[in-house]
Amino acid sequence: GVPGHPVLRARGLTVSYGGFTALDGVDLDLAAGRITAVVGPNGAGKSTLFHCLAGTLRPDAGRIAVGGRDVTRLPAHARTRLGVARTFQRLAVFPTLTVAENVRVGAEQGHVVDPAAVERALRLLRLDGAVRARPAAGLPTGTLRRVELARALAGSPRVLLLDEPAAGLDTDEVAALARVLGALAADGTALLVVEHDLDLVAGLADTVHVMTAGRIVSSGPAGEVLGRPAGPGGAAPGRPGA
Ligand code: ADP
Ligand code: MG
């Protein structure tokens, strides 16, 4: 998409669990070529927001539009077809399928069926050579996260939603992840990163929203909101002005 062009627009999202309001009137925009982060303490409502956007939870109030089309009532798989891809906080690869087969499943579920996208996704995530033929079961967490991300990308999504993508990764893996996300944004994908690793967010996000008790309490450029300079991933290659 054209950088800065709005792709996903959420307004007034509200979710109650019994009498407890976990999400309280949240507005969020995701734009092509931009990385948006949502940070906040445990229990703030980040995953609840994420599930509303992904379509795995129907909000009690509020609307979500993708490319101008209202998707509030569409289930997750229909949103995936419209170009909204996601990863899972707990890894959700198919253990008996090989790495390459897992990624091909993503292409079949996706927005655009493009066989070249599978190869592109495998390469971007550095899933080359023998690892492609290995069953997912038993691979290290860092590799499985790359498989999962490649699977999400294989359908050529317009929007990519990531819930705690750095969880369980070591420093090198986090740096590699930051490069991949920067490359996707440079390619025009709209990204949402829900994350409590503030170093990843500081170095990567264009806009940061801070959530507390179900509300966005502060928003702005990462450097301003987090009150610290961008980290080593901040100058992601090919992202002028980010
Ligand atoms: P975060 O991802 O920011 O840690 P969550 O969205 O997971 O926050 O949770 C927000 C609040 O909603 C927390 O207080 C949590 O205990 C509560 N909550 C989340 N899911 C449920 C559920 N299925 N039933 C009841 N309460 C829930
Ligand atoms: Mg969470």
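This is a predicted model: local features need pLDDT of at least 70, side-chain atom pairs count only at pLDDT 80 or more; totals for chains, interfaces and linings use all residues.

I began with a pair of helices and found that H3 passes H4 in a right-handed crossing. (A crossing is right-handed if the near helix is turned clockwise from the far one by less than a right angle, and left-handed if anticlockwise.) Helix names come from DSSP: helices are H or I runs of at least four residues, strands are E runs of at least two, and numbering starts at the N terminus.

Residues are numbered from 1 along each chain as its sequence is written, and chains are lettered from A and ligands numbered from 1 in the order in which they are written.

**Helix pairs**

I looked up the geometry of H3 (residues 99–109) and H4 (residues 115–124): the angle is about 130 degrees and the axes are 9 Å apart. (Axes are lines fitted to C-alpha atoms, for helices over the stretch in contact, and angles run from 0 to 180 degrees between N-to-C directions.) That makes H3 oblique to H4, because angles under 35 degrees count as roughly parallel, over 145 as roughly antiparallel, 65 to 115 as roughly perpendicular and the rest as oblique.

Which residues make the contact? From H3 I noted Ala100, Val103, Arg104 and Ala107, and from H4 Ala117, Val118, Ala121 and Leu122. (Contact is C-beta atoms, placed from the backbone, within 7 Å.) I sorted them into seven nonpolar, no polar and one charged. (Ala, Val, Leu, Ile, Met, Phe, Trp, Tyr, Cys and Pro count as nonpolar, Asp, Glu, Lys and Arg as charged, and the others, Gly among them, as polar.)

Next I checked H3 against H5 (residues 141–153): about 35 degrees, axes 6 Å apart. This crossing is right-handed.

**Strands**

I saw that S1 (residues 6–17) and S2 (residues 20–31) run antiparallel, joined by nine bridges. (Strands pair if DSSP finds at least two bridges between them.) They form a hairpin with two residues between them, and Gly18 in the turn has a positive phi of about 60 degrees. S1 also pairs antiparallel with S4 (residues 61–66) over five bridges, where Thr14 has Ala61 as its partner.

**Ligand 1**

I listed the residues around ligand 1, including Tyr17, Asn42, Lys46 and Thr48. (Near means a C-beta atom, placed from the backbone, within 6 Å.) H1 (residues 46–54) gives the most to this shell, with three residues.

Technical notes:
Two residues are in contact if their C-beta atoms, placed from the backbone, lie within 7 Å.
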